[in-house]
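Trainee: I would like a close look at a single part of this model, with its surroundings worked out residue by residue. Please keep the answer connected.

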Amino acid sequence: MRKEDVLAIHKVLHTLNQPYQEVFWMRTFGELSFKEIGDIFEKTESWARVTYHRAKMKIKEGFQ
């Protein structure tokens, strides 16, 4: 990715509410599994997957 794109992603990411921001960070930069993320939040693996997907969608919307 270009440096400008990465910077834009970080800017949008900082506008996200919790838990979307934290789940996205854990999955993308922390490389945690969905199971591990779910365990941290005391939620299910499915919850972590859905939350991550919604975070990605919100980031994509931030570019439009």
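In which helix does Thr51 lie?

Mentor: Thr51 lies in helix α4. Keep in mind throughout that the model is predicted. Thr51 counts as buried because its relative accessibility is 5%, and the cut-off for that label is under 20%. Setting aside residues up to four places away in sequence, Thr51 touches Pro19, Tyr20 and Val23.

Take Pro19 to begin with. Pro19 sits in the loop between α1 and α2. The peptide bond that joins Gln18 and Pro19 is cis, with an omega of about 5°. For context, most peptide bonds are trans.

Gln21 has its place in helix α2, and with a relative accessible area of 15% it is buried. Once neighbours within four places in sequence are left aside, Gln21 is in contact with Leu13, His14 and Leu16.

Leu13 turns up again in the contacts of Phe29. Phe29 is found in the loop between α2 and α3, and its relative accessibility of 41% makes it partly exposed. Not counting residues up to four places away in sequence, Phe29 touches His10, Leu13 and Phe24.

At 68% relative accessibility, Glu31 counts as exposed. Its phi is near 55°, a positive value in a residue other than glycine. Most residues other than glycine have a negative phi.

Next comes α3, which covers residues 34-41 and has Phe34, Ile37 and Gly38 as its buried residues. These cover an arc of only 100° around the axis, which puts them on the same side of α3. The helical repeat accounts for such a pattern: an α-helix has 3.6 residues a turn, so residues three or four places apart point the same way. The buried residues of α3 pack against α2 (20-28) and α4 (45-62), which brings the account back to the helix of Thr51.

Phe34 lies in helix α3 and is buried, with a relative accessible area of 10%. Leaving aside neighbours within four places in sequence, Phe34 is in contact with Arg27, Glu45, Ala48, Arg49 and Tyr52. The C-alpha atoms of Phe34 and Val50 are separated by 9.7 Å, and the two residues are 16 apart along the chain.

Just after α3, Glu42 takes a positive phi of about 55°. Glu42 lies in the loop between α3 and α4. With 74% relative accessibility, Glu42 counts as exposed. Glu42, too, is a residue other than glycine with a positive phi.

The chain as a whole gives the setting. The protein chain has four helices and zero strands, and from the N terminus on the elements run α-α-α-α. Among contacts with a separation of 6 or more, 47% are between residues 24 or more positions apart.

As for overall dimensions, the C-alpha trace spans about 35 × 20 × 15 Å along its principal axes. The radius of gyration is 12 Å, which agrees with the value near 11 Å that a compact globule of 64 residues would have. The chain exposes about 4,700 Å², and carbon and sulfur atoms supply 52% of that area. There are 11 positive and 9 negative side chains, with the centres of the two sets 6 Å apart.

Methods:
Residues are numbered from 1 along each chain as its sequence is written. This is a predicted model: local features need pLDDT of at least 70, side-chain atom pairs count only at pLDDT 80 or more; totals for chains, interfaces and linings use all residues. Side-chain values use heavy atoms; hydrogens and water are left out. Helices (H or I, at least four residues) and strands (E, at least two) are DSSP runs, numbered from the N terminus. The radius of gyration is taken over C-alpha atoms; the globule rule is 2.2 Å times the number of residues to the power 0.38. Contact means heavy atoms within 4.5 Å. Accessible areas come from the Shrake-Rupley method with a 1.4 Å probe; for residues, only the protein chains shown count as cover. Lys and Arg count as positive and Asp and Glu as negative; His and the chain ends are not counted. The place of a charge is taken as NZ of Lys, CZ of Arg, CG of Asp or CD of Glu. Buried means under 20% relative accessible area, exposed over 50%, partly exposed in between (1.4 Å probe, protein chains only). The arc is that of the directions from the helix axis to the C-beta atoms.
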